Amino acid sequence: MEMQGWSFFFCLCMCGVVCESFHYSVPEEKKSGSLVANVLKDLKVDAKELSARRARLVSEGTKEYFQLDPHSGNMILQDRIDREALCGQKDSCILHSEIVLENPLQVHRIEVEIKDVNDNSPQFSKKEFVFEIPEHMPTNTRFPVESASDADRGENTVQNYTLSPNDHFRLDVQSQNEGTKFAELVLEKQLDREQETRLFLILSAVDGGIPKRTGTAKIIVEVLDSNDNVPVFDRNMYKIKLMENSRLGSLVIKVEAADQDFGSNAEISYSFSQVPEDIQRVFKLNKYTGELTVAEIIDYEINQNYAVNIKATDGGGLSAYCKVIVEIEDRNDNAPEVMLTSLISPLLEDSPPDTLVALLRVTDRDSGDNGRTACTTEANLPFMLKASENNYYQLVTQMPLDRERVSEYNITITVTDWGSPRLTSTRIISVQISDVNDNAPVFEKSFFDMQLHENNIPGLLIGLVKARDLDTAQNAKVTYSLLPGKVSDQPVSSYVSINSETGNLYAIRSVDYEQVKDFQVTMRAVDCGSPSLSSEVMVRVVVMDENDNAPFILYPLQNGTSPSNDLVPRGAEAGYLVTKVVAVDRDSGQNSWLSYELLKATEPGLFSVGAQNGEVKTTRPIIKRDSFKQKLIIGVRDNGHPPQSTSATLNILLVEGFSDPYMKMVDIPKEEVVEKEDRTLTMYLVICLAVISFIFLVSVLVFVAMKIQKRKKFMECSALNFPVGPNFPENSGDVDAGSLSQAYNYEVCLAGGSLNSEFRFLRPLFPVFSVEPAQSQGAQRISAGSQDLSSHEAESQLKSQVRV
């Protein structure tokens, strides 16, 4: 076996993995911490390289006796060694270790021989040995003496035996083939029981150590009467094979000896002769039958063979000897063991294929096929086992790693021997995968839509933009920033800002929906890895309208300088369209939905307003009692929350003889005024009429001039404000709200002489599609001839042109 091991080691050296073998020695019982050797010179490396290559000392056994200092190269004794306890009676006691260097992988075999020191004295198995020797025994008869045992080896073991001086025996010391000493008593002078029935001798065993140690035993010789036949074994040596772990009580062999004497001299008993105590614990000998049985569990790994000396003694005290050689056959009773020599954890996820992760060594205490092993790992893993020499295995990567997919691997290493039945053992190796910055931040959405209500306060949180990085630690820490851009020709940074750590987007200024309805910003997320990775996303901020604008009246204009009046014929029926209130709202959506209502009226039941279109219509026919002048207050309200409103004031004149009203307010007929005013006012009226009569003469003189002047002015205004031509559209839809009705120009003549003025429809001049502001309309007066209170009052005809 040893020669095979050296041959295998030589093969490893030729392969270049196991490079050299170094031999060192250390005496046993040396104190812990003692220096064994310095390996730097033998390894041909310096201390710095030794440390950089992660030098380790790996023992072949389960216990580590030595320790390697990677910084100095000193091989230090880790614990006190007892050679006898470690190697027993083996001639050489060698501890095998290996120095493993990485990058590149090198294995150097280390043999440390444990030198024996003379720390044990020779010992006999018993303090007294009794020899029963018949008298008249021929001289030169030899009697084997049990050899003394010495736990030491070599020169320190038993080298000589001495016998105390006597007249009958001498001691003959001889060497066996294996070099051990044994002694025999040689009878030089016949015994005479009548003279001496018992002899006392001192047997001494002396070792060869310095200083010498001695062990003694007493030999008692009992002189017996004559027994002239000695027991005889059929063979002097028996060889038997025994399977290890045989059950207790199993028969090993049965030895038999025969004696030709009769009676008690022929009764034979069997016993061990010069057998160490450890062998006597393993086997049991039946003193009557000679059966050798198993008394203790036999382990092949402890001892592969046993030599048992058996003595057969008859009743007369004569003895014969034989030797039984028991060879132990190995059974596959030891499962393989996996020892982790080195491990790299955590392992970078960008490690290239064939990166060394762990170095393993597999051992099996059995021999032959029982000690041959096969090592495998799980399938579908990014790792593989590469067999090296001397039962070493390298666990290396075989494909790229991804920490974001798997951050830790628990790799099960399975080792199976080739015995029958096969034994298996496993070991789990945990490998952590460390992160590298290989993932850019990813936003939760590819596009973000956010809403911001107008008139917001500065610093208001708009929303959260979040990006996630699959890496870990600093590689996953994300910071946010805004990319340059424009919003209404202004930098985007003047509108919004972002929290670089949280991704919260804040409004810096108040936003007006009527100016900016939406805007877009580009955000960037950057991780803190090296090199850093980034990604960008577009964020659209939609400004939500607030109801912050009240409705605005387009028609009729409410400037208060020149209020407009609408004319309604007294003959108008219910549902007659008087006018239309047109309003707009700068807000949008439901905030711009307008509704109209009649807030106040001179005659509450006479007019109504369309809630949706603002059309003012009559609700019933106009009667004579209805006041000539009607004042309506129209309320316009939007649909916002809270709603905003405004109001428009309409002045409506009820006149006779018009089918389509719009004219300037005329002088109130005196008869109607008299009916409606109190009697107190009659006196004022008479005074007014007297004044009018006084100026009547002046009026007649200037009448013609006024007529010509008004006619000329009217024509100029008509040409300026109301273009008439073939290109002018006959009909036009309402602009925006569509709330203006058609308007027409009429030439109206009023005749004086009565309190009732009469409209005479002459012809429409042209349609009107826009309403001029009240202040832009020419205030045209209706001139009436002054009437005399008498029946001879002159009647004058007044022609007036009114534009509706």
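Which residues are linked with Arg 54 in a network of salt bridges? Arg 56 and Glu 102 are the partners in that network. A salt bridge here is a side-chain nitrogen of Lys or Arg within 4 Å of a carboxyl oxygen of Asp or Glu.

This is a predicted model, in which local features need pLDDT of at least 70, side-chain atom pairs count only at pLDDT 80 or more, and totals for chains, interfaces and linings use all residues. Residues are numbered from 1 along each chain as its sequence is written, and side-chain values use heavy atoms, with hydrogens and water left out.

**Salt bridges**

The whole structure holds 21 salt bridges. Three of them are tabulated, including the pair of Glu 102 and Arg 54.

| Pair | N to O distance |
|---|---|
| Glu 102 and Arg 54 | 3.6 Å |
| Lys 63 and Asp 79 | 3.6 Å |
| Glu 111 and Arg 109 | 3.8 Å |

Glu 102 is buried at 2% relative accessibility. Arg 54 is partly exposed at 33%. Buried means under 20% relative accessible area, exposed over 50%, and partly exposed in between (1.4 Å probe, protein chains only). Lys 63 is partly exposed at 39%, and Asp 79 is partly exposed at 33%. Glu 111 is buried at 5%. Arg 109 is buried too, at 13%.

**Cysteines**

There is one disulfide, a term for a pair of cysteine sulfur atoms within 2.5 Å. Cys 87 and Cys 93 form it, with sulfur atoms 1.9 Å apart. The S-S torsion is about 60 degrees, so this disulfide is right-handed. Both Cys 87 and Cys 93 are buried. Cys 322 is buried at 4% relative accessible area, while Cys 528 is partly exposed at 32%.

**Asn 549**

Asn 549 sits in the loop between β42 (534–544) and β43 (552–555). Strands are DSSP runs (E, at least two residues), as are helices (H or I, at least four), numbered from the N terminus. Asn 549 is buried, at 15% relative accessibility. Its side chain makes a polar contact of 2.9 Å with the side chain of Asp 548. Another polar contact, of 2.8 Å, reaches the side chain of Asp 587. A polar contact is a pair of N or O atoms within 3.5 Å; within protein, one must be able to donate a hydrogen and the other to accept it, and residues adjacent in sequence count only if both atoms are side-chain atoms.
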